[in-house]
Amino acid sequence: MPEAIMKVFRGISREAGEFKTYKVPVEEGMVVLDAIHYIQGFLDPELSVRWNCKAAKCGSCSAEVNGYPSLMCKTRMDRFPEGQEITVEPLKTFPLVKDLVTDVSWNYEVNKKIPPFTPKPDADWTFMQEDIERVQEFRKCIECFLCQDVCHVLRDHDRKDVFAGPRFFVRMAGLEMHPLDALNRAEFLKDHAGLGFCNITKCCTEVCPEEIHITDNAIIPLKERVVDEFYDPVLMFFKKIFGKS
Amino acid sequence: MNKVEIAVAPEKLGATARNDNWWVEPALVATGFTIFIVYATWRGLFEPQYFEWGPYLSPFYSPRILLDWWHWSPAILVLWVPAGFRATCYYYRKAYYRAYFLDPPACAVGHLGGDKYCGETTFPFVLQNLHRYFFYLAVAVLAFLWYDAIRAFDFHGQFGVGVGSLIFLANVVFLSFYTFGCHAYRHLVGGKLDCFSCSARTKTRFKIWSVVTKLNEHHMLWAWVSLFSVGFADLYVRLLAGHVITDIRLF
Ligand code: SF4
Ligand code: SF4
Ligand code: FES
Ligand code: FES
């Protein structure tokens with residue numbers, strides 16, 4: 001049976017932690033999470049990992065495999081050439097708890113601040129498929145936070161103080177484009193969620209396991225809505241004169 | 001957003017655990033852009049004598065604006081429109097923020113520069129928000145290019161087809177696919193609506209939005225194809241006007 005060389009991060013802090021190497025027998029159809037489970041089961045029972053569904057649907061098993069933010073349960077071992085070392089590290093952008101487990105609770109705090117779905121008082125709750133199709137794409141999100149991890153505004157510039165991150169632009173796009181929602185979140189997006197910090201470099205879209213077109217379908221349309229309210233001089237002029245657009 | 005413990009130390013440019021060839025894409029993009037920018041600048045600024053041959057008017061010199069007091073190349077009066085349109089285009093922004101500004105050079109790879117990052121919130125990048133105005137101007141220029149492309153089939157009042165006519169036609173089609181797949185246009189035409197089925201007008205806008213969305217899905221492709229075709233159409237005119245090649249008349 002072929003063997004994979006797994007280099008896995010171990011430790012309770014990034015400074016004091018280290019990579020440990022394990023040899024894991026590879027079977028057909030195996031994913032990186034299986035290899036981690038093998039290590040836990042047979043080589044090192046103290047290895048910590050968060051997971052739940054092993055079906056790429058719960059969003060728990062996010063990690064960095066060979067430096068690339070990935071779901072461990074969706075990353076097949078046969079993607080890597082035989083004999084190549086496979087490194088598995090915790091998400092870089094969030095505080096480490098232990099080994100492969102990070103504390104992603106900052107995301108839940110951000111989420112709480114978003115003005116929630118607010119239906120129009122006279123809402124007719126039947127609507128057409130074409131009106132909800134855009135929103136359905138965003139509802140596929142499994143909150144794996146891989147997009148948050150890879151986004152350089154959070155990862156490299158550490159602007160958690162001003163920037164909500166792509167996952168929450170996806171959520172807000174779903175609210176803003178909802179046919180029954182009555183709120184306008186343009187100001188919140190600009191001044192509190194830091195939409196302008198995104199430079200649309202699309203890494204969030206590249207890593208999203210649900211293949212949500214985060215940048216093209218959520219972020220850019222939101223940026224355009226913010227332009228309507230705050231940057232387009234002609235529209236702003238008309239709005240001043242005639243009130244609501 | 002509330003401040004949390006800093007989990008990441010700012011990393012150096014290029015720092016990554018990725019072991020694939022992540023640098024290939026930014027390197028190719030930077031090379032492609034640089035070649036085009038150098039070529040277009042040279043052609044636009046220093047070669048105003050080679051702007052036309054027969055029925056073909058170089059797209060860099062169209063529309064032809066002649067002003068008495070303007071002593072420099074007439075291309076300068078036009079080129080700022082497509083240049084501004086592309087420089088503020090959402091695709092090009094992604095491409096040059098990565099390839100030129102290296103912020104980030106690729107995903108999960110350390111960036112260039114310090115910690116003063118402001119994205120598109122401050123001058124000059126906040127001006128990217130005016131992209132839609134460049135779209136309006138670009139549509140006006142595109143109308144002239146369509147006129148030129150039709151004129152490229154007119155050989156002294158006779159309908160004819162030269163290799164150049166086909167190059168001009170292909171170019172203007174690619175440019176249209178690029179221009180009308182614009183994100184700002186997608187928003188203006190229907191993306192800004194929350195309800196597509198609410199009235200006859202919004203239903204029509206939904207139909208246009210759907211077509212624009214189809215073009216928009218391949219916006220990067222059309223950005224590159226049209227960049228190449230516009231440069232090639234100009235080069236073709238340049239070579240004809242400089243008597244380096246001759247146009248083949250197909251009929
Ligand atoms: S496109 Fe914007 S939100 Fe997405 S990763 Fe890049 S900077 Fe972050
Ligand atoms: S948008 Fe995609 S990458 Fe981001 S949290 Fe949702 S599923 Fe994960
Ligand atoms: S274990 Fe649920 S997404 Fe991987
Ligand atoms: S977004 Fe590319 S042309 Fe407008």
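Visitor: How many residues of domain 1 of chain A are in contact with domain 2 of chain A?

Guide: 12 residues of domain 1 of chain A touch 13 residues of domain 2 of chain A, where contact means C-beta atoms, placed from the backbone, within 7 Å. This is a predicted model, where local features need pLDDT of at least 70 and side-chain atom pairs count only at pLDDT 80 or more, while totals for chains, interfaces and linings use all residues. Residues are numbered from 1 along each chain as its sequence is written, and chains are lettered from A and ligands numbered from 1 in the order in which they are written.

Visitor: What classes are on the domain 1 side?

Guide: Six nonpolar, three polar and three charged residues sit on the side of domain 1 of chain A that touches domain 2 of chain A. Nonpolar covers Ala, Val, Leu, Ile, Met, Phe, Trp, Tyr, Cys and Pro, charged covers Asp, Glu, Lys and Arg, and the others, Gly among them, are polar.

Visitor: Where are the domain bounds in chain A?

Guide: Domain 1 is 3-102 and domain 2 is 105-242; the bounds come from an automatic or database domain assignment. Their C-alpha centres lie 31 Å apart.

Visitor: Switching to ligand 1: which residues come nearest?

Guide: Cys151(A), Pro166(A), Cys198(A), Cys203(A) and Cys204(A), out of 15 residues around ligand 1. A residue is near if its C-beta atom, placed from the backbone, lies within 6 Å.

Visitor: And which helix gives the largest share of that shell?

Guide: H9(A), with three residues. Helices here are DSSP runs (H or I, at least four residues), numbered from the N terminus. By class, the shell has 10 nonpolar, four polar and one charged.

Visitor: How do H6(A) and H9(A) cross?

Guide: Their axes, lines fitted to C-alpha atoms over the stretch in contact, come within 9 Å and cross at roughly 65°. Angles run from 0 to 180 degrees between N-to-C directions, and 65 to 115 counts as roughly perpendicular, so H6(A) and H9(A) are roughly perpendicular to each other.

Visitor: Which residues make the contact?

Guide: From H6(A), they include Phe169(A), Val170(A) and Met172(A); among those from H9(A) are Ile214(A), Leu222(A) and Arg225(A). The contact divides into 10 nonpolar, no polar and two charged.

Visitor: Last one: how many residues of chain B are in contact with chain A?

Guide: 44 residues of chain B, facing 52 residues of chain A. H3(B) gives the largest share of the chain B side, five residues. That side splits into 18 nonpolar, 13 polar and 13 charged.

How values were computed. Helices (H or I, at least four residues) and strands (E, at least two) are DSSP runs, numbered from the N terminus. Angles under 35 degrees count as roughly parallel, over 145 as roughly antiparallel, 65 to 115 as roughly perpendicular and the rest as oblique. Two residues are in contact if their C-beta atoms, placed from the backbone, lie within 7 Å.
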